[in-house]
Amino acid sequence: GGQEVFYSMHHIFLTKTGVYVLVFDMRELLLSNKREESSKYILFWLRSIRLHAPTSSLVMVGTFSTNILQQEGFNGLKAIDGILRELLKESFPQVFVNKKDDLLFFAIDNSESTGLATVRSAIEEVVRNDTSIYVQVSIRWLNFLDTILKKRTSDGYLNLSAVKLLATDAGITGTLEQEEALKLFHERGMIIHLTATQVLKNIITIKPQWLIDNLSKVIRDGQLHQFDMEEIKKLGLEKDVRMVFEHAKASYDFFEYVWGKVNLDFFLDLMRQTMLLSDWDVSNQQQSFLIPSLIQDKFEYTKGIVGIRCIFEFDFLPLGVFQRLLSLCILQSSRQKNKNGTTIKLEPELYSNFGAIELQEGFVLRLQLQEQNDTLASSQAIFAFFEDWTFASKGYEIVKAMLEKINYDVMGSGLTWNVLFESKPNQELVSLSAARAQKLHPWFDGNDGDKTQITSRNVDIASFLDML
């Protein structure tokens, strides 16, 4: 799960409460040819944890301590500590410090079990001191949870009907109390129970690894994790598999092969609601599904993108946000085509860092992901271009609403951004507050910039898109 293709999935499993342990290979921080990549990896996780759980404690653990001490002595650990302190300049107050060794991390070696007891004690101390995780519950709830967790030895998930029976056996007979208990267990990371649709609500994941294993059958590195192509050929799915890893599009038959019929609807709904997948219905071809995180090709900017632009600037833009934005746009385009006949004419142009999608007849949205040359830089941006200025105001509202939906549903509401608007003809960039005050054309020359209130919270994807 260390490859970047998996990063878009991680946000499903990060919760606001709990204790996080970030494990890294100390050897790579001391090697000049690997230090930058290793630092990038650590910083990504530090920012991701801060995004989802800004008040949760974090214990940092460095592995291969025997190698470091034999080659560099304690000075090696101090050198690693210096690198980490430089990374932590951004302020991560939740890091639990190793006071005994005066380090930001705990050094261990799995081959000799060195330092493991110290780390265990540190985690126990953090848990005891973290009052935010204390919730007083009935002993019936604890019995209910214990009964669920015992099922992990044989099952990866349970149906809602089976869980309700377990709750009743534990003395929790009311539907409301059962749902409150499941919500708490989900928030604490003991189970995964998504409730956006009835299909999702009917499945309670009691072993997160079961969910990871099944999602990884689709979201995977096609070069490192290959299918049994002999079996694939016998089943007549060779073209389907090639489409997944070459064009990021999957057929229904492919999904049925990797997930089976029993839970197929659950996984399709899960990936739709977490915006890892969208129905690809834009052309007249046979229906398929787009998986944006598998798009590999990068757009080469040989000339400027046509249109007036607004820019969403982020302090930290995790991998997966831009891909989810593409997913929502494709889904909206498909819905418009199905609703209004064959009015969508432009075939979507999709890359890992760019997308051109016709959201309705004549309304083409072009999205560009601005990536930093400095891999450790935190600031990133998404540009939205509108060739037809009459769609600029509406387009801004749609992109903003989609980002808010992604933020609330997947990113723990931790994303923050500023918006800049292009002012023609001088191409000056104007802040949101200034653009509103000036009633800047074509963005805010109506009565109000936020003309339509679009609710992104507590609604499923279909209802949200209906509001657009």
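Two strands count as paired if DSSP finds at least two bridges between them. With that in hand, here's a quick tour of this predicted model. In β11, Leu350 has Gly355 as its bridge partner, and β10 and β11 are joined by 2 bridges in the antiparallel sense. Beyond that pair, the model has an antiparallel open sheet of 7 strands, a parallel open sheet of 3 strands, a largest pocket of about 1,600 Å³ and 3 cavities of 30 Å³ or more.

**The antiparallel sheet**

- Reading across this open sheet, the strand order is β10-β11-β12-β13-β9-β14-β15.
- At the edges sit β10 (349–350) and β15 (428–431), each pairing on one side only.
- Helix α17 packs on this sheet and touches β9, β11 (354–360), β12 (363–370), β13 and β14. The direction of α17 makes about 20° with that of β9.
- From β10 the chain gets to β11 by way of a hairpin of 3 residues.
- Next along, β11 and β12 run antiparallel and are held by 6 bridges. Gln360 has Phe363 as its bridge partner in β12.
- The β11–β12 hairpin leaves 2 residues between the strands, and Gly362 in the turn has a positive phi of about 85°.
- Of the 7 residues of β11, 6 are buried, so the strand is largely enclosed by the rest of the structure.
- Further over, strand β9 (residues 308–314) and strand β14 (residues 417–423) run antiparallel, with 5 bridges joining them.

**A closer look at Phe383**

- Phe383 belongs to strand β13 (residues 380–386).
- Buried or exposed? Phe383 counts as buried because its relative accessibility is 9%, and the cut-off for buried is under 20%.
- Leaving out residues up to four places away in sequence, Phe383 touches Arg309, Cys310, Ile311, Arg366, Leu367, Gln368 and Gln370.
- Between Phe383 and Leu328 there are 55 residues of separation in sequence, and 16 Å in space from C-alpha to C-alpha.

**The parallel sheet**

- This one is open too, with 3 strands in the order β1-β2-β3 and parallel pairing.
- β1 and β3 (106–107) are the edge strands with a single partner each, so one side of each has no neighbour in the sheet.
- Strand β2 (residues 57–63) runs parallel to β1, and 7 bridges join the two. Asp25 finds its bridge partner in β2 at Thr63.
- Helix α3 packs on the sheet, in touch with β1 and β2, and its direction makes about 175° with that of β1.
- Thr63, which is in strand β2, counts as buried because its relative accessibility is 9%.
- Setting aside neighbours within four places in sequence, the contacts of Thr63 are Val23, Phe24, Asp25, Met26, Ile108 and Asn110.

**The largest pocket**

- The pocket has 47 lining residues, and those nearest its centre are Ile12, His186, His193, Leu194 and Asp409.
- Elements giving two or more residues to that lining include α1 (7–10), β1 (19–25), α3 (35–52), α9 (175–187) and α17 (392–409).
- Which element gives the largest share of the lining? That's α9, with 7 residues.
- By class, the lining splits into 20 nonpolar, 17 polar and 10 charged residues.

- The largest cavity comes in at about 50 Å³. Its lining is made up of Leu160, Val163, Lys164, Gln178, Glu179, Leu182, His193 and Lys201.
- Both α8 (160–169) and α9 give two or more residues to the lining of the largest cavity.
- That lining has 3 nonpolar, 2 polar and 3 charged residues.
- The second largest cavity has a volume of about 40 Å³. Around it are Ile192, His193, Leu194, Leu200, Ile203, Thr205, Leu211, Phe266 and Leu270.
- At least two lining residues of the second largest cavity come from each of β5 (203–205) and α15 (264–273).
- Here the lining divides into 7 nonpolar and 2 polar residues, with no charged ones.
- His193 turns up in the lining of the largest cavity, in that of the second largest cavity, and among the residues nearest the centre of the largest pocket.

Definitions and conventions:
Residues numbered from 1 in each chain as written. Predicted model: local features only at pLDDT ≥ 70, side-chain atom pairs only at ≥ 80, totals over all residues. Heavy atoms only, no water. Helix = DSSP H or I, 4+ residues; strand = E, 2+ residues; numbered from the N terminus. Buried < 20%, exposed > 50% of the residue type's maximum accessible area, 1.4 Å probe, protein only. Contact = heavy atoms within 4.5 Å. 1 Å grid on protein atoms, 1.4 Å probe; cavity = no way out; pocket = protein on both sides within 12 Å on 5 of 7 lines; lining within 4 Å. Points joined across faces, edges and corners; volume = space filled by probe spheres on them. Nonpolar A, V, L, I, M, F, W, Y, C, P; charged D, E, K, R; others polar. Axes fitted to C-alpha atoms, helices over the stretch in contact; angles between N-to-C directions.
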